[in-house]
Amino acid sequence: MTSPVAFNAVEISLPDGTADAYFAHPGDNAAHPGLLFYPDALGLRPTLREMVETIAAHGFAVLAPNFFYRSGRAPVVPLPDFSEPDAMGDFFTDLAPVREALTPDKAMQDAHGYLAWLSANELVAPGALATTGYCMGGRLALRTAATFGDQIAAAASFHGGFLAADDRPDSPHHTAADITAELFVAHADHDGSMPPEDITRLEQALDKAGVRYTSVVYPDAPHGFTMRDTPAYRPEAYQRHLDDLLTLLHRSFRPE
């Protein structure tokens, strides 16, 4: 059952500046479980607002920050016309210095601020929070779970990339032992950033650490399958992701 949603564009003061963000919550003025929503690399935009509001309608207070705020307000790099053959490649070329400004340490510094903002908000229920992320946001969600321990009750990653890359110090599998949250990790079956051997490596690290998790591969789904405004969008995979995410959140905050 869904409820009417209130939406606000908000600003969050952080050590390195002010992050613009989306905040959506049920419109009943009651406190609801808080969710930190990490976007994909394309950043805040109408599709992300729709996703945030959809999750909020199911009983959650959802904050989606512009994690590239150091380089400007969203959209930091405008979305390209995906009908152009080189559009995606050119976009990520332009985005490269923006992504480099978000170092692993800076990302977790910001995460502290986002979580503190949620915890201080009267529309967010007291206690542990949850996080979810998409593409590079999936990696940030899992790293947030490891960094902040029992402050995070549940964390999800959807088509997250480089989650078990041995040559990357920010790869979440390195810090699996610090995770106390329940995880849900959904991979695309056509994703060069998370090949089968990396999925296995991630699962082995989580098993060794004793983490409660679900790891699944969505069939016929490319990297980015949740994003309605890109060629990667797959409606069936998007709906499955939403069902899986809400199941995790309801189980974490409303156990039977």
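Is R49 buried, partly exposed or exposed? R49 counts as partly exposed, because its relative accessibility is 35%. Keep in mind throughout that this is a predicted model.

**Stop 1**

An α-helix has 3.6 residues a turn, so residues three or four places apart point the same way. E53, at 24% relative accessibility, is partly exposed as well.

**Stop 2: the buried side of α1**

Stay on α1 and select T47, L48, M51, V52, I55 and A56, which are buried. Now show their surroundings. The buried residues of this helix pack against strands β1 (5–14), β2 (17–26), β3, β4 and β5 (129–134), and against helix α6.

**Stop 3: the whole chain**

Zoom out and colour by secondary structure. The protein chain has six helices and eight strands. Their order along the sequence is β-β-β-α-β-α-α-β-α-β-β-α-β-α. The radius of gyration is 17 Å, close to the 18 Å that the globule rule gives for 256 residues, so the chain is as compact as a globular protein of that length. Along the principal axes, the C-alpha atoms fill a box of roughly 45 × 40 × 40 Å.

Switch to a surface. The chain exposes about 11000 Å², of which carbon and sulfur atoms supply 51%. Of the 256 residues, 53% count as buried. If you display contacts between residues at least 6 apart in sequence, 72% of them join residues at least 24 apart.

**Stop 4: R45 and D229**

Side chains of opposite charge can pair when their charged atoms come close. The whole structure contains 14 salt bridges. For one of them, select R45 and D229, whose closest N and O atoms are 2.6 Å apart. R45 lies in the loop between β3 (34–38) and α1 (46–56), while D229 lies in the loop between β8 (213–222) and α6 (235–253), so this pair ties together parts that are 184 residues apart in sequence. R45 is buried, with a relative accessible area of 5%. D229 is partly exposed, at 24%.

**Stop 5: D110 and R70**

What links D110 and R70? Their side chains meet in a salt bridge, at 2.8 Å from N to O. This pair also links distant parts of the chain: D110 is in helix α3 (residues 104–120) and R70 is in the loop between β4 (61–65) and α2 (87–101), 40 residues apart. D110 counts as buried because its relative accessibility is 1%. R70, at 25%, counts as partly exposed.

Remain in the loop between β4 and α2, where P75 is found. The peptide bond from A74 to P75 is cis, with omega near 0°.

**Stop 6: R139 in α4**

Move to helix α4 (residues 136–148) and select R139. R139 is buried, with a relative accessible area of 9%. Leaving aside residues up to four places away in sequence, R139 touches G161, F162, L163, R168, D170 and P172.

**Stop 7: two positive phi angles**

Which backbone angle of C135 deserves a look? C135 has a positive phi of about 55° although it is not a glycine. C135 is located in the loop between β5 and α4, and it is buried, with a relative accessible area of 11%.

Then select D220, in strand β8. D220 is not a glycine either, and its phi is positive at about 55°. D220 is exposed, with a relative accessible area of 61%.

**Stop 8: E236**

Finish in helix α6 with E236. At 62% relative accessibility, E236 counts as exposed. Draw a distance from its C-alpha atom to that of P219, 17 residues away along the chain: the separation is 9.9 Å.

Technical notes: Residues are numbered from 1 along each chain as its sequence is written. This is a predicted model: local features need pLDDT of at least 70, side-chain atom pairs count only at pLDDT 80 or more; totals for chains, interfaces and linings use all residues. Side-chain values use heavy atoms; hydrogens and water are left out. Helices (H or I, at least four residues) and strands (E, at least two) are DSSP runs, numbered from the N terminus. The radius of gyration is taken over C-alpha atoms; the globule rule is 2.2 Å times the number of residues to the power 0.38. Buried means under 20% relative accessible area, exposed over 50%, partly exposed in between (1.4 Å probe, protein chains only). Contact means heavy atoms within 4.5 Å. Accessible areas come from the Shrake-Rupley method with a 1.4 Å probe; for residues, only the protein chains shown count as cover. A salt bridge is a side-chain nitrogen of Lys or Arg within 4 Å of a carboxyl oxygen of Asp or Glu.
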